Amino acid sequence: MDENDTGLAWLQQYPPILNSKTKAYTPVTLWDYAECMSGILICCENGIVVAAILSSHLLRAPMFLLIGSLAWADSLAGVGLVLRFLSRVSAHSEVLSMASVCVCVGALCASVCSQLGITLDRFLSLRCALTYDSHRHRTHTRAALAFAWLLAALQGALPLLGVTCALDSLDSLSSAHFNPSACSIVQPLTRIHLSVLCGGFLLILAVMLQLNAHICKVVRRHARMIALQRHTLPHAHTPTRCRTHTLALSFATFASCWLPFTIYGLLGDGSAPGRYTYATLVPVATHSLINPLIYAYRNTHIRKVLLKSFGCSHTHLQNTHTPSDV
């Protein structure tokens with residue numbers, strides 16, 4: 001095996017036999033330490049957001065529930081990366097390796113669904129401004145989040161339920177030989193399983209593109225109406241243009257981080273080199289790292305809670321943003 005693929009062996013072959021008394025030792029590489037540190041950083045950064053939302057009774061709007069769901073999903077993705085590192089140094093590496101795959105699959109599915117929910121909530125806050133933040137809307141948001149997390153948990157649990165690309169049956173997580181043509185680029189997921197996940201992501205991406213286009217259209221129309229009422233030039237509204245540019249930038253970041261892995265997941269199989277899979281997964285992990293910067297720390301209300309918890313003054317922050325304006 002190539003030295004560059006030493007740290008990527010988990011993407012190319014399933015762990016050895018659980019009950020084997022002798023286990024081949026695979027040295028821990030620099031990539032493993034980088035993976036562990038990035039997982040810890042993701043957990044800490046998103047954990048701060050979750051703690052801030054749970055600690056304040058003021059952050060109970062539907063948008064904050066969605067941001068908290070996104071932060072919790074990304075935190076679990078960081079836990080999956082830490083479990084992956086522990087599987088490299090632990091005696092029970094087979095159990096931890098399977099657990100890391102299941103946790104990452106479920107967490108990333110929930111993360112994508114939460115970002116779709118944030119975009120949809122932005123759209124509804126403009127389209128249905130009179131009924132937004134009503135009791136009915138909050139109930140629908142909680143129900144949608146529960147359904148999304150249930151679906152994500154099911155996707156993550158499928159490998160544990162035996163939906164793998166093994167040639168032999170998996171009993172008690174025993175090892176088995178894998179068919180490279182039936183395996184996806186992330187083993188033990190099957191090509192059909194990963195293709196369904198990637199196809200679902202492309203569908204979500206198309207829906208988010210349409211919603212963001214409608215949001216920008218509504219925002220510009222409102223800005224033009226306000227400009228006409230104030231007898232000013234419509235093109236002179238820099239804040240409106242800045243917000244639409246920020247919205248476009250956040251969507252472009254989301255698409256650029258996820259599309260490489262999605263396309264490679266649809267085209268590749270178990271025989272693909274592990275280094276290519278790792279190269280497409282790095283932007284996905286990076287997106288979980290920058291999600292708090294995009295959706296949470298830019299929000300005025302969350303910043304107020306964080307500054308208050310650290311004993312800092314927040315008199316310079318103005319209430320210029322609505323809960324949906326993240």
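Modeller: Begin with empty space. On a 1 Å grid over the protein atoms alone, a cavity is a set of points where a 1.4 Å probe fits but cannot get out. A pocket is an open set with protein on both sides within 12 Å along at least five of seven lines, and lining residues have an atom within 4 Å of a point. Rolling a probe the size of a water molecule over the atoms shows where empty space is left. This is a predicted model: local features need pLDDT of at least 70, side-chain atom pairs count only at pLDDT 80 or more, and totals for chains, interfaces and linings use all residues. Residues are numbered from 1 along each chain as its sequence is written, and side-chain values use heavy atoms, with hydrogens and water left out.

Colleague: How many cavities of 30 Å³ or more are there?

Modeller: Three. Grid points are joined across faces, edges and corners, and a volume is the space filled by probe spheres set on the points. The second largest cavity has about 40 Å³.

Colleague: Which residues line the second largest cavity?

Modeller: Thr-119, Arg-122, Met-208, Asn-212, Leu-247, Ser-250, Phe-251 and Tyr-295. Two or more lining residues come from each of α3 (93-127), α5 (191-229) and α6 (238-267). Helices here are DSSP runs (H or I, at least four residues), and strands are runs of E (at least two), numbered from the N terminus. The biggest share of this lining is from α6, with three residues.

Colleague: How does the lining of the second largest cavity divide by class?

Modeller: Into four nonpolar, three polar and one charged. Nonpolar covers Ala, Val, Leu, Ile, Met, Phe, Trp, Tyr, Cys and Pro; charged covers Asp, Glu, Lys and Arg; the others, Gly among them, are polar.

Colleague: Take Arg-122. Is Arg-122 buried or exposed?

Modeller: Arg-122 is at 9%, so it counts as buried. Arg-122 sits in helix α3. From Arg-122 to Asn-212 the C-alpha distance is 8.7 Å, across 90 residues of sequence.

Colleague: Now the open space. What volume does the largest pocket have?

Modeller: About 940 Å³. It has 44 lining residues, and those closest to its centre are Cys-104, Leu-108, Trp-258, Phe-261 and Val-284. Elements giving two or more residues to this lining are α1 (30-55), α2 (62-89), α3, α4 (135-157), α5, α6 and α7 (274-296). By class, the lining has 34 nonpolar, eight polar and two charged residues.

Colleague: Cys-104 is on that list. How many disulfides does the model have?

Modeller: A disulfide is a covalent bond between the sulfur atoms of two cysteines. The cut-off is a pair of cysteine sulfur atoms within 2.5 Å. By that rule the count is zero. The sulfur of Cys-104 has its closest cysteine sulfur in Cys-102, 9.6 Å away, too far for a bond. Cys-104 is buried at 19%, and Cys-257 is buried at 10%.

Colleague: How many aromatic pairs are there?

Modeller: Rings of Phe, Tyr and Trp (its six-membered ring) pair if their centres lie within 6.5 Å; planes under 30 degrees apart are stacked, over 60 edge-to-face, and the rest tilted. The structure holds four pairs. In one of them, the ring centres of Tyr-33 and Phe-85 are 5.5 Å apart and the planes are at 50 degrees, so the pair is tilted. Tyr-33 lies in helix α1 and Phe-85 in helix α2, so the pair ties together parts 52 residues apart in sequence. Tyr-33 is partly exposed at 45%, whereas Phe-85 is buried at 12%. Phe-201, Phe-254 and Trp-258 form one aromatic cluster.

Methods:
Buried means under 20% relative accessible area, exposed over 50%, partly exposed in between (1.4 Å probe, protein chains only).
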